[in-house]
Amino acid sequence: MEVPFIKMHGLGNNYIYVDLFQNKLKEEEIPDIARGVSNVNTGIGSDGLILIQPSERADVAMRIFNRDGSEGNTCGNGLRCTAKYAYEQGYVSTEQFQIETKANVVDAEVKPDRGAVHRVTINMGKPYLRRSEIPMMGHDDPEVVAEPFQVNQGEWKVTAVSMGNPHAVFFVDAIENAPLKELGPVIEKDQRFPEGVNVEFVEAISKRELNFRVWERGSGITQACGTGACAAVVAAVLNDQADLDEDITVHLQGGDLTIRWSVDGAVWMTGDAETIAKGTYYYNQQQKVE
Ligand SMILES: N[C@@H](CCC[C@H](N)C(=O)O)C(=O)O
């Protein structure tokens, strides 16, 4: 089967996008297609698959599938790329519009330059902080902030934030010492997070600037995670490491995002969105990718 695709990235967090305004995919084949396109040797190579499709609740909808074929609820970098694509394709006719994800409906604003969009702001909505909303095992506290967390014989402090998807944030003194490869895969699948978790290590440089590294649920190390950067800023404010209602610069491996947790509770994210390539993926369902 031939699947027309666009490859886009937000700060190096790259996905294969399929436009379901124009094409159809069988629901049961989507996880396999996500694993297939993501494979760098036998596919295209990506952090996963994103479907852009019509919505009944918003102007456009988006679904995100990780490298391992699991479906995420939302994706910050994917939202900026979806906004760029929807505007450039003419699926929306205004610079402000709404995008539906499995998690929620968000407001997007594109900043076009002669018809092309390279920068997008998304109102990501309010973070979920109750333990049961993350979800994380234990008594249903209103917040999980700097809670002792033992892993691999080490003692850490976790702050848990859901931006529609779950994030476990750990502060480190120096980002280059973040044990991403060692602890990322272990914490991702830790039983205390019944739906798995995205794992972030964060160094607070000042109250307006954070260094950030991520191990994503279902995809492993990626160059950037938009929802993770939002969760990092929320966690930093909760730990008195960043200011509420101020623009915070988050330095990710692939570049910078500007994030603000505003007094009304909403988290705003501004950053780049770029197209890499367009083409056709030849999906062969006889060669399932595990
Ligand atoms: N890269 C993303 C998040 C993608 C989904 C995540 N791995 C999950 O399963 O929750 C982002 O930019 O937010």
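Trainee: Why does the ligand lie between domain 1 and domain 2?

Mentor: Domain bounds come from an automatic or database domain assignment. Here domain 1 (2-124 + 273-282) and domain 2 (131-265) both give residues to the shell around the ligand, so the ligand lies between them. This is a predicted model, where local features need pLDDT of at least 70, side-chain atom pairs count only at pLDDT 80 or more, and totals for chains, interfaces and linings use all residues. Residues are numbered from 1 along each chain as its sequence is written, and side-chain values use heavy atoms, with hydrogens and water left out.

Trainee: How many residues surround the ligand?

Mentor: A residue counts as near if one of its heavy atoms lies within 4 Å. The ligand has 15 such residues around it, the closest being Asn13, Gly76, Glu216, Gly226 and Thr227.

Trainee: Which atom of the ligand is 2.8 Å from the side chain of Glu216?

Mentor: A polar contact is a pair of N or O atoms within 3.5 Å. For Glu216, a side-chain N or O atom is 2.8 Å from a nitrogen atom of the ligand. Gly76 uses a backbone N or O atom, 2.8 Å from a ligand oxygen atom. In Asn66, a polar side-chain atom lies 2.9 Å from an oxygen atom of the ligand.

Terms used. Polar contact = N/O pair within 3.5 Å; in protein donor to acceptor, adjacent residues only side chain to side chain.
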